[in-house]
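Colleague: Please pick one part of this structure and take me through it closely. I'd like to see how it connects to whatever lies around it.

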Amino acid sequence: MLLIYYACPYNCHLCFMVLNEYFFCCKMWYAALVRFIRRRLVLGIIFASSLTYCIVSFLREGSSRNMMYQETMIERKPFVWRTLQEHKDSNDSVICRNSVQGRLLLVDDRGYVCHRNDLMRNGCCDPLADFSRRYSCESCKDNNCCVIYEYCVSCCLDPSKRDLLELVLSKLSAEENVLFRTLTDDYELCLTKCRTSSHSVLHENSYKDPTHKHCFGHELPRSRTPD
Amino acid sequence: MGSTHTYIFVIITIKALFVLGGEKFDDVEASCNATNSDRVEYEYNTDVVNSEHIITYKGYFSRSTRENYVSAALKNAGVSNWTLLQRNNPAKEYPSDFDVIVLEDGRRRALEALRDHPAVRRVTAQRQVQRTIKYVREDDCGPAGCVYTGWRNHRARDLNSLRRPRENGYTSRKLLRTVPRQITSVLKADLLWSLGVTGEGIRVAVFDTGLARHHPHFGRVRERTDWTGEHTLDDALGHGTFVAGVIASRADCLGFAPDADLHIFRVFTDNQVSYTSWFLDAFNYAIMRKIDILNLSIGGPDFMDHPFVDKVWELSANKVIIVSAIGNDGPLYGTLNNPADQMDVIGVGGIGFDDRIAKFSSRGMTTWELPYGYGRMKPDIVTYGSGVRGSSVTGGCRSLSGTSVASPVVAGAIALLASGVPRQHLTPAAVKQALCITARRLAGPNMFEQGHGKLDLISAYQFLREYEPQASLSPPYIDLTECQYMWPYCTQPLYFSAQPTIANVTVINGLGVSGQVKEVSWHPHLPHGVLLAVAVQHSEFLWPWSGWLALSFTVLEKGADFDGVVEGHVNVTIESHGDIGEKTMRNQTLMLPIRARVIPVPVRSRRLLWDQFHSLRYPGGYFPRDDLRAKHDPLDWHADHVHTNFRDMYRRLREHGFYLEVMGSPLTCIDPSLYGALLLVDPEDEYFPEEMAALKKAVDAGMSLVVFADWYNASLLRHVKFYDENTRQWWIPETGGSNVPALNDLLSMYQVALGDRVFEGSFKLGGHPMYYASGTHIHSFPEHGVLITAQLTDQGHQIMTGEKPSTGGGTPGSGPTVDVPILGLLQTDGETRDYTNDTIDKLPKSGRLVVYGDSSCLEGGAARPCHWLLLAALQYALVGHLPSSLKEAAVPLQNRVRDVHIIPSELPQRAEGGRLHMYSRVLSSDGSGPRAAPSCDRPEPAPAQPVHAPPAARTLAPHHPPTDPKSIGAPEIEGTEPAPRAWRGAGAAPSRYYAAAEPPPASLYSRAGTLLAIAATVYCLTALWKRCGRKLRRRRLMSLAT
């Protein structure tokens, strides 16, 4: 501040001259520009183009509002019903998927339930082990709800339940359910269907049926309380 | 300094965890309440404190000299009404160069006179610097309407106090102001980027408020799904964008793992509503998508939401690493949020860049285990959560605070290091072990505040790279003597006949998803370790990846007179299923070192018993807060334990030499002859008939009873019901603030009863300012008892009639007040009088009874704590001495009406159709009255297998040296400097997906374009109109002329 204060008296005159010239130049340019813009043709062009832009952008916004509730970059595979032959395939080269989560039990994609101890290196249950059961509906009720998740999956994989599952699947695809549109085969369907879900809860913070909470049928778990 | 940022958010559901705003002081006041509220407001401002000025001297002078200078200067100016503020800190003994003066009148004259004084350099206005996260209620509480008007007194905010060491023992004082920094550089993520570790191939799920489609900061958004039914995937709040940004942003404010695959789950609506059922379906999808890391910057107090809790376990069992925010309900204890408080989840607390625990960060033990057991240590780790920069909805950066921020910092860090380690090392247990074992412990905070300490990314990376499947314990040792870290264990030594001290250790089992505790053995170290008995209980299965191990410590009778430290260790053998196809079980034996201090048994009059057994709380039923005005947080969920929300009271009692033991079983299981007094504070449950008989016997035998009750009124209970959006049902309180009908049953043997009217107000008692926050009153009291009254307003009437509550908070003249009896003191068998001057054998044999009608003032965060009243009550209860402060306040006998002298009221009746029996530990669940009193089984102590061992090192804490960045082969990078885009510049491959993606047409540009277009259109139209209009006018003129 101090510097400017002292410097000014000497240079002021020059300053003003330069500034004047600058303003003059600007004014001319400005006037020419304004005159150009005010020509009817130019105005029309600007008007038309901005109107189109407006309409186009509004339309685009409108269409994006009806966007899907799922947007995925992962390619989707079609749903395949595995045949009984595939279930039976039990040579050594086969590699099984299994439910990894169990505390004591596991179920593989051939429908065998077994103890964690009896799991083989290829991920399959050892069918010869004492506790291994295939398509076991232990702990399940007639409404297809089970106490133990692994038995629910195993029961669900039973080929005799195929009709029921097809019904379930068609219902789900009608609902446009995000979860079930990404299923690829009946094993995944059973794994997913047997988990507790939004259909299992009462008042959001308790189970409808605290014991038989793993269901694969289209019936919902029956509420324990009379309401 | 002058800029003011204000972010306002509306919080509706209890499930959302948001604290907004930039960095903040630790010493500021959280006005209103620090729990979930309706509006959160962040503010940074300074204002001038009018009457206060700072005098700066030209040198350092002693206090008396400074005072002389000021008095000389002011005498000349004729100003007499002034005071120098005294600083109550160690610095007051030393010469100082400034003073704070309070001037009442003649301010200008005084200031001029002071400025003219030769020793004074300048006089400036006192400024109050305030940076707060404010919680504002919808009904906008005024200063008196707020019950929680601050944790410390007002002076804690002035300039002096910033230099004051903190009360809980921080040794280093650091500048509190923080500059928002690039969080990734602070944690040295750029070192890993330079090694080509960028999070590639790791699937990270963000469960939040969504994310915009083409946000410029993100490249690898694999999918976005909506679970709310709102049919949008975009984030309208900014929370989800910020969280995703901290994890994986690749521009401006960088995230940790820019090449990680993001899966965006939108589970919160724009109004922040969310339901368990949405989460269940979304979690199922996450399992199917084989998500690696799942960030949950959400939480709520309901750990009894079984579908949700089970689902979180299921996720962990499916190898999903869950990171969750511990909650923003600090600094109160007992405020941990679910799911962060689950054993398998990595619960993250927040610290500031100054390495102090952020004030908002929830803390305290978990409260699932009460009353029988003791809580686990949580949070697991802490990291920066205050003033962190991240992505904003509009495409720029913003600074936010909260454990919602700390959680994605950890989730992002895990995503980053996960991409640099072998895939089979990535299990929830291994990652948790890596973070916890390598965490840096902060000096100062205890383990229920900081967990294992501060996240150390580089060390965790190194640990996980060389990981061998193993089990570990959390905490890794039990040193009951180590202060501050082992608070509260270190505050009270063990002694014979005490209630067991319980330590709840979490087993993190990296050997496999499912395992078992095979064997536990106790090895006391000779010579003194054998005095200690250890009983061990553990969870049946270690599933998923974790379990608990509860150790109850008691001193054997032969140690009744021992004074000293005892040591030993517990060996725990873990057995677990290994990888797929392994036929043999994996085994590991862990050693848990133990140290405790034992003292001789204290005298009876120093021993107090705290009743935890009869305390019921949310979750479970709707148990309302003890303060009816706390509408924004109506649930009583802090567990009412001496180590959670009654922590301040516990500290105060310990300071006065009392030994406090927690009673987690019915009164029938206790030997009352050991205790001077039983504290019944805010009990909600009923009493067994056997308990009442035992209590009567105990009081006759000399144990005193101190009761702090709370409000109860059946019609008010029906009135304060509310519709809970989260569970979609009506909630009617199961009891009032406390269960007064049950208390009346208990007290009826002394002809004492509490009434059903509800009062509140401020008053003075014994020179102490008091606040009565929704309390009951004494309905009847024996004539020979001492009764103390206060002028209070009828809050129950106000609420029922819908009258506006008095704005003055019960100050005199703000509403009709009644003289309400609130405190009664009674010698249970005869004359109540002062026995101070009598010898001890003249003191009546039977105990005394003290009843007070409000318990909120004992809780942490109370506006006007009444610990002094408890101490005074204890003085009366234990030695029969009526403190003078209470004696003066007592109503003289002649002024009292006989017996039911008191205000007109009814005895409270139990609410019709109440559901207390569903939650009670006393009533049978079919509603048919009390069940049979439980047997008093204590877990059997483990057989001692003494060993000779040299005394352990001073600290039992295992030392894990920090990893030197050079050892992992990283080039040298200045870690603390912001290094934007270092991950790309340093040679990491740019992602393919990003290159292929169309350039993001940012919504900001399109919006600006639209605006410009509109402006241009308007301009054109006006210009055209002007020209045409001129022509028209000209034509008209011409026609006129012709």
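Modeller: Let's start with Asp208(B), which is found in strand E6 (residues 203-208) of chain B; helices (H or I, at least four residues) and strands (E, at least two) are DSSP runs, numbered from the N terminus. Keep in mind that this is a predicted model, where local features need pLDDT of at least 70 and side-chain atom pairs count only at pLDDT 80 or more, while totals for chains, interfaces and linings use all residues, and side-chain values use heavy atoms, with hydrogens and water left out. Residues are numbered from 1 along each chain as its sequence is written, and chains are lettered from A and ligands numbered from 1 in the order in which they are written.

One backbone detail worth a look is the cis peptide bond from Leu370(B) to Pro371(B), with omega near 0°; Pro371(B) sits in the loop between strand E11 (346-351) and strand E12 (381-384) of chain B.

Now for the partner chain. Contact (heavy atoms within 4.5 Å) links 59 residues of chain B with 49 residues of chain A. Together the two chains bury about 5200 Å², 58% of it on carbon and sulfur atoms; buried area is the accessible area (1.4 Å probe) that two parts lose on being put together, summed over both. Two salt bridges cross this interface, a salt bridge being a side-chain nitrogen of Lys or Arg within 4 Å of a carboxyl oxygen of Asp or Glu. One of them joins Asp310(B) to Lys213(A), at 3.8 Å from N to O.

On the chain B side, the elements giving two or more residues are strand E7 (221-226), helix H6 (276-288), helix H7 (306-317) and helix H21 (1003-1041). H21(B) gives the largest share, 14 residues. By class, that side has 25 nonpolar, 18 polar and 16 charged residues; Ala, Val, Leu, Ile, Met, Phe, Trp, Tyr, Cys and Pro count as nonpolar, Asp, Glu, Lys and Arg as charged, and the others, Gly among them, as polar.

E7(B) also does some strand pairing: three bridges join it, antiparallel, to strand E1 (residues 70-72) of chain A. Two strands pair if DSSP finds at least two bridges between them. Here Thr72(A) stands opposite Glu223(B).

Follow chain A on from there and you meet Arg82(A), which makes a salt bridge with Asp186(A), the closest N and O atoms being 2.9 Å apart. Arg82(A) lies in the loop between E1 and helix H3 (84-88) of chain A, and Asp186(A) in helix H7 (residues 186-194) of chain A, so the pair ties together parts that are 104 residues apart in sequence.
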